[in-house]
Amino acid sequence: MAQDEWSAVDAYIVGKLLSQDPVFEAALERNRAAGLPPIDVSPAQGKLLHLLARLVGARNILEIGTLGGYSTLWFARALPLDGRIVTLEFSPIHAAVALENIQAAGEGAKVDLRVGPALDTLPLLEQDGVPFDLVFIDADKRNNPDYLRWALRLARVGALIVIDNVVRGGRVLDPASDDPDIIGTRRFFEIAGEEKRWSATAIQTVGAKGWDGFALAIVEQN
Ligand SMILES: C[S@@+](CC[C@H](N)C(=O)[O-])C[C@H]1O[C@@H](n2cnc3c(N)ncnc32)[C@H](O)[C@@H]1O
């Protein structure tokens with residue numbers, strides 16, 4: 001199977017299983033118009049994140065890596081009216097587009113968007129003292145080992161942690177890679193495998209976004 005076929009199957013799945021919500025297409029269109037890179041989760045992945053948030057009854061979600069807020073909106077739609085998602089974004093340009101998307105979707109009350117390098121904004125969340133029910137890690141992969149440590153620190157026991165892009169077209173297998181994102185991903189797997197405070201797995205995926213995968217874990221102790 002090649003990319004065209006993976007994309008066609010994704011389109012079939014989306015056509016059959018995802019109801020038409022103009023908010024999501026409008027967000028992707030705004031991202032395109034603003035020149036943001038098309039590295040948001042796919043629609044089917046967005047729906048998966050939405051379902052996972054509902055499965056764990058999430059009221060407090062932490063997202064690392066907002067881009068234009070596409071995945072943020074899938075999460076926001078899963079939250080109760082008094083739920084919140086804190087989403088962390090390095091780029092003020094991406095954050096400005098995300099804010100537009102969030103406001104246009106009518107989800108402003110649920111979304112707390114913080115701009116800056118996540119390793120600077122994460123420590124501030126500790127002061128809030130509200131543990132997260134779900135953490136989605138989808139920013140610069142080189143920092144995934146640190147994001148994993150923060151996720152374990154900020155999430156409640158029983159929380160779900162989702163880490164995107166852990167396969168990267170199979171390049172995760174290359175021990176000689178000098179790509180910092182591959183090095184970070186491989187280091188993430190090493191730490192994740194040794195970590196006793198959570199139970200984790202990873203799933204490979206193919207689809208509109210190519211060959212990649214995500215890791216899932218439940219926090220058992222923190
Ligand atoms: C893959 S995109 C996020 C996609 C988004 N979760 C979605 O599916 O719609 C990664 C984002 O992380 C941001 N980012 C990169 N390094 C970061 C850092 N150190 N701290 C916070 N955000 C960062 C990038 O600017 C980019 O917008």
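Y12 is exposed, with a relative accessible area of 54%. Exposed means over 50%, buried under 20% and partly exposed in between (1.4 Å probe, protein chains only). Y12 sits in helix α1, residues 3-17. Helices here are DSSP runs of H or I with at least four residues, numbered from the N terminus. S177 is 165 residues from Y12 along the chain, and their C-alpha atoms are 35 Å apart.

## About the model

This is a predicted model, in which local features need pLDDT of at least 70 and side-chain atom pairs count only at pLDDT 80 or more. Residues are numbered from 1 along each chain as its sequence is written.

## Around the ligand

The ligand is surrounded by 21 residues, each with a heavy atom within 4 Å of it. The closest are V41, S71, E89, H94 and D138.

A backbone N or O atom of V41 is 2.8 Å from a ligand oxygen. For L67, a polar backbone atom lies 3.4 Å from an oxygen atom of the ligand. A118 has a polar backbone atom 2.9 Å from a ligand nitrogen.

## Two crossing helices

Helix α7 (residues 144-154) meets helix α8 (residues 180-194): their axes, which are lines fitted to C-alpha atoms over the stretch in contact, come within 8 Å and cross at roughly 40°. The two are therefore oblique to each other. From α7, the contact uses N144, P145, L148 and R149. From α8, the contact uses G184, R187, F188, I191 and A192. Contact means heavy atoms within 4.5 Å.

Technical notes
Heavy atoms only, no water. Axes fitted to C-alpha atoms, helices over the stretch in contact; angles between N-to-C directions. Parallel < 35°, antiparallel > 145°, perpendicular 65-115°, else oblique. Polar contact = N/O pair within 3.5 Å; in protein donor to acceptor, adjacent residues only side chain to side chain.
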